[in-house]
Amino acid sequence: MSMFQVSGVVLHVYDAPAMTDKKTGEVTREEKPKVQLLGDIPLPNGQARFDMITLTCEDRAEFEALKGRKVTVPLGMFAPAKEQIIYFIPKGAHPAIVEGQGATP
């Protein structure tokens, strides 16, 4: 179980294209499936703002089937450089549907 979780409505699922080194032609990053979730961030004044997060996932089809549904997923993160944080869904983790919830916007 992950210490951190994120909840939101599944908006979009896509494949981030592979990256190729222009000089050598070598593939430097493989194609990766991504999911975009829309959630609401509570504000100090009691209101909320919508925010979208894009996460790398293992199984695109698993999230395609959940478009428009509110889910919660474990959240992994790492900082490859100063002031940069990469968020992802840990390998083997699956989304859980938040019952009775649909798209918030």
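Analyst: **The nonpolar core**

The largest nonpolar core has 15 residues, and those with the most contacts inside it are Val10, Val35, Leu37, Leu55, Phe63 and Ile89. Such a core is a set of buried Ala, Val, Leu, Ile, Met, Phe, Trp, Tyr and Cys residues joined through side-chain atoms within 4.5 Å, where buried means under 20% relative accessible area, exposed over 50% and partly exposed in between, with a 1.4 Å probe and protein chains only. At least two residues of this core come from each of strands S1 (5-16), S4 (32-42), S5 (48-56) and S6 (70-74), and S1 gives the most, with three residues; strands are DSSP runs (E, at least two residues), numbered from the N terminus.

This is a predicted model, in which local features need pLDDT of at least 70 and side-chain atom pairs count only at pLDDT 80 or more, while totals for chains, interfaces and linings use all residues. Residues are numbered from 1 along each chain as its sequence is written, and side-chain values use heavy atoms, with hydrogens and water left out.

Leaving aside residues up to four places away in sequence, Leu37 touches Val6, Gly8, Val9, Val10, Asp51, Met52, Ile53, Leu55, Val71 and Val73, a contact being heavy atoms within 4.5 Å. Threonine 56, which lies in strand S5, touches Lys32, Pro33, Lys34, Tyr87, Phe88 and Ile89 when residues up to four places away in sequence are likewise not counted. Ile89, one of these partners, is also among the core residues with the most contacts inside the core. By contrast with the buried core residues, alanine 81 counts as partly exposed because its relative accessibility is 36%.

How values were computed:
Helices (H or I, at least four residues) and strands (E, at least two) are DSSP runs, numbered from the N terminus.
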